[in-house]
Amino acid sequence: MNGVHDMGGMHGMGPIETETKEPVFHTRWEARAFALTLAMGAWRKWNIDASRHARELIPAAEYLRMSYYEKWIAGLVELSIEHGLVTREEIDNGAPSVGSPKAVPPLTADKVAKTLAKGGPASRDVAIAPRFQVGQRVRARNIHPAGHTRLPRYARGKLGAIDRDHGVHVFPDTNAHFLGENPQHVYSVRFAARELWGKQAAPHDAVYIDLWDDHLDPA
Amino acid sequence: METHHHPHDHDHDHQVVPSDLTLRVKALESLLVEKGLVDPAALDALIDTYEHKVGPRNGARVVARAWVDPAYKQRLLTDATAAIAELDYTGRQGEHMVAVENTPKLHNLVVCTLCSCYPWSVLGLPPVWYKSSPYRSRAVIDPRGVLREFGLELPEDVEVRVWDSTAEVRYLVLPERPAASESLSEEALAALVTRDAMIGVAKVTL
């Protein structure tokens with residue numbers, strides 16, 4: 001979707017503000033919001049692409065106003081309702097509905113270290129031929145899907161070259177909508193900075209973007 | 001909270017009433033615990049992991065090892081996921097790692113313009129500025145200006161490569177080893193390596 005989250009190349013966002021000795025979490029609610037999101041993910045009712053899309057669906061003005069973990073909480077609430085783990089009434093009341101069953105959490109404290117160490121690889125061990133070879137010239141498709149895509153607007157229609165092949169990965173553009181993992185090759189594609197931004201860019205600079213077979217055409 | 005440039009502007013990215021969010025998140029947690037959907041002890045363990053165990057010291061050890069061990073460096077640049085796993089750094093948001101090397105003629109910078117993807121297994125959780133709209137919007141169109149804001153002025157003949165983390169591949173910048181550091185041990189070198197250098201917004205200095 002052409003949302004405000006797709007902000008590569010935008011102007012007007014202000015200066016970059018850094019902090020010295022920045023804590024991992026600034027407040028306890030940030031820490032709890034982070035942990036709740038990971039712990040609820042363990043139900044495997046959704047996937048990381050759907051999580052990202054849930055945050056992209058936050059209305060643009062709200063998205064820009066909200067802090068990072070506030071977006072996480074907003075996304076988590078919507079996903080939890082959508083996938084039937086809670087009801088909106090329960091969220092509003094802050095308590096389980098009368099007669100709602102008590103579940104057993106899939107992620108318990110003893111499983112945390114192992115679960116984090118294992119992670120959730122996006123690679124898939126399937127023999128799928130790459131559509132492109134390293135060095136090949138490609139053009140990013142000029143697509144504007146209303147749903148989730150990992151092809152940023154600033155690269156659409158632009159010419160690049162395959163820099164490396166990362167192998168076969170889940171395709172987020174379909175996976176986010178539960179339309180299948182659609183595994184395919186993902187590549188690091190090199191775009192000359194001047195191809196993306198014109199003469200204002202330095203002549204030898206480049207931007208490398210990870211894109212999938214379905215984002216690219218031969219050029 | 002102290003900041004470099006704008007001592008009172010931190011709330012720019014946190015401009016919400018904290019008490020409101022404290023209450024909302026508390027209410028959500030108690031609901032999810034009461035429904036048996038989450039284990040509060042698991043939440044504590046998740047937080048403890050990223051507050052105390054997984055952070056940029058991991059990445060610094062990888063970098064220092066690469067500086068002192070040419071064979072390791074080669075493995076890191078060929079298959080970063082496996083090389084980093086040799087030091088036992090694996091897992092969430094580090095499943096597919098790529099290391100990119102800075103040289104006197106090449107500077108790498110990492111961003112995620114679409115969200116805030118970051119290599120947790122080697123750097124921990126990202127700082128606020130990395131997740132902020134100013135950094136995400138500008139790193140790709142004006143990397144040299146961004147670097148200047150971080151106090152790093154690069155000569156024109158240095159090629160700048162920006163890595164936009166749009167997939168599940170996570171990038172670690174292998175900074176240049178500082179000059180005159182030959183006598184330092186691997187451990188002393190690791191102590192010099194900063195998070196910012198491994199994102200690409202700083203150099204490592206003695």
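Start by selecting chain A: 41% of its 219 residues count as buried (a residue is buried if 20 or more other C-beta atoms lie within 10 Å of its own, exposed if 12 or fewer, and partly exposed in between, with C-beta atoms placed from the backbone). You're looking at a predicted model, where local features need pLDDT of at least 70, side-chain atom pairs count only at pLDDT 80 or more, and totals for chains, interfaces and linings use all residues. Residues are numbered from 1 along each chain as its sequence is written, while chains are lettered from A and ligands numbered from 1 in the order in which they are written.

Stay on chain A and colour by secondary structure. You'll see eight helices and five strands (DSSP runs numbered from the N terminus: H or I of at least four residues for helices, E of at least two for strands). Walking along the sequence, the pattern reads α-α-α-α-α-α-β-β-α-β-α-β-β. The C-alpha trace spans about 60 × 45 × 35 Å along its principal axes. Of the contacts in chain A with a separation of 6 or more, 65% join residues 24 or more positions apart (a contact means C-beta atoms, placed from the backbone, within 7 Å).

Next, pick residues 68-82 of chain A, which is helix α4. Its end C-alpha atoms sit 21 Å apart, which agrees with the 21 Å that its 15 residues should span at 1.5 Å a residue (the expected span is 1.5 Å times one less than the number of residues). Show side chains here: the buried residues include Tyr68(A), Trp72(A), Ile73(A), Leu76(A) and Leu79(A). Just past α4(A), click Gly84(A), which has a positive phi of about 75 degrees.

Now for the sheet. Select the strands in the order β5(A)-β1(A)-β2(A)-β3(A)-β4(A)-β3(B)-β2(B): an open sheet of seven strands with mixed pairing (two strands pair if DSSP finds at least two bridges between them). At the edges stand β5 (216-218) of chain A and β2 (106-111) of chain B, each with a single partner strand, so one side of each has no neighbour in the sheet. From one strand to the next, the twist averages 35 degrees (angles run from 0 to 180 degrees between N-to-C directions, with axes as lines fitted to C-alpha atoms).

Zoom in on β2(B) and β3 (residues 159-164) of chain B, which pair in the parallel sense over six bridges. Pick Val110(B) and you'll find its bridge partner in β3(B), Trp163(B).

Finish with all of chain B: eleven helices and four strands, in a C-alpha box of roughly 55 × 40 × 30 Å along the principal axes. Of its 206 residues, 52% count as buried.

Definitions and conventions
Contact = placed C-beta atoms within 7 Å.
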